[in-house]
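Here are some friendly notes to read alongside the model. Please keep the 3D view open as you go through the points.

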Amino acid sequence: MSSNPYSDFFEHGKRKAQPPSIQPIPEEHSEEEAPALESLDEILLHISTFNQEAEAFSHLLTQTNVTEHKVRAPLLRLFIELEDKHAKNSLRGERDYYDVLQYKFRQIIVPMRGLAKLHVQIVEQFNKDIDQNYYSIEKSERSVALDKNNAIEGINLQRKILADAAENLTILRDAMMDSERRIKGYINVGGLHNISRSEHELLVQKRTALTNGQEHQFNYAIFEMNLIDQAAISLGFYQKDTTQSYINKALTAFDFA
């Protein structure tokens, strides 16, 4: 039997949880190629691409089962003596658990970044090209209205998917910080369960670069949704001014220069 209780996850994850390949929005067609799509049709095509990639991504979120790592609120531990269900009772056990948390975090953030890029491009194009005066040469007003509604539903679904991923990453971040708290208890205890203060501090520093998005040049937390956002999206609202503010904020998620 393997001495590492998490080895099965590492091997299983490396075989099956491959990040989906995100395809960039294609350039405009030349005159020799097929005729360019109308803007709304192009947006719907990109939404379809997102949905195809999101299927593999949503399966990854299911497979990583991040909810099992959720930690109790620190304030709760101050007032109620509760068993720490995540404690591994040895430094080796904590190191292995910490490695699993980091592995899962990277498995999620890499494809999420690609999906977020595609999402922002789609929303930008919709906000720029589609308004109440949008006109189609080939379609009736009724068809255009239906396509607009489908596009808005698609964009709102994208926001839900990205918010779900951001919540998963936040849970993993909190779990890593909780593990660091337990590992800190092994500083300079001597023997097999010993870690130096400097190694612990470097551990925290590297984790911070990972969980604040610096390692992947992606601030995933921007895609979290508050209760107002959730309510608006559940009702199918799409306000151009509000969405433009969201786009401006979302664009900063990739700004680590």
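1. Is tyrosine 220 buried or exposed? Tyrosine 220 has a relative accessible area of 2%, so it is buried (buried means under 20% relative accessible area, exposed over 50%, and partly exposed in between, with a 1.4 Å probe and protein chains only).

2. A word on the source: this is a predicted model, in which local features need pLDDT of at least 70 and side-chain atom pairs count only at pLDDT 80 or more, while totals for chains, interfaces and linings use all residues. Residues are numbered from 1 along each chain as its sequence is written, and side-chain values use heavy atoms, with hydrogens and water left out.

3. Now find the partner of tyrosine 220. By the ring-pairing rule (rings of Phe, Tyr and Trp, the last by its six-membered ring, pair if their centres lie within 6.5 Å; planes under 30 degrees apart count as stacked, over 60 as edge-to-face and the rest as tilted), there are 3 aromatic pairs. One of them joins phenylalanine 105 to tyrosine 220 edge-to-face, at 5.7 Å centre to centre and with 75° between the planes. Phenylalanine 105 belongs to helix α4 and tyrosine 220 to the loop between α6 (197-211) and α7 (227-234), so this pair ties together parts 115 residues apart in sequence. Helices here are DSSP runs (H or I, at least four residues), numbered from the N terminus. Phenylalanine 105 is buried too, with a relative accessible area of 0%.

4. Next, look at phenylalanine 218 and phenylalanine 254, a stacked pair at 5.5 Å centre to centre with 20° between the planes. Phenylalanine 218 is in the loop between α6 and α7, phenylalanine 254 in the segment after α8 (240-251), and they are 36 residues apart. At 0% relative accessibility phenylalanine 218 counts as buried, and so does phenylalanine 254 at 16%. Ring pairs link Phe218, Phe223 and Phe254 into a cluster.

5. Phenylalanine 254 has a charged neighbour as well: lysine 117 lies over the face of its ring, 4.8 Å from the ring centre (the rule asks for NZ of Lys or CZ of Arg within 6 Å of the ring centre and within 35 degrees of the ring normal). Likewise, the charged end of lysine 88 sits over the ring of tyrosine 97, 4.4 Å from its centre.

6. Finally, how do two helices pack? Helix α4 (residues 91-129) and helix α5 (residues 141-184) meet at an angle of about 160°, with their axes 9 Å apart. That makes α4 roughly antiparallel to α5 (angles over 145 degrees count as roughly antiparallel, under 35 as roughly parallel, 65 to 115 as roughly perpendicular and the rest as oblique).

How values were computed: Axes fitted to C-alpha atoms, helices over the stretch in contact; angles between N-to-C directions.
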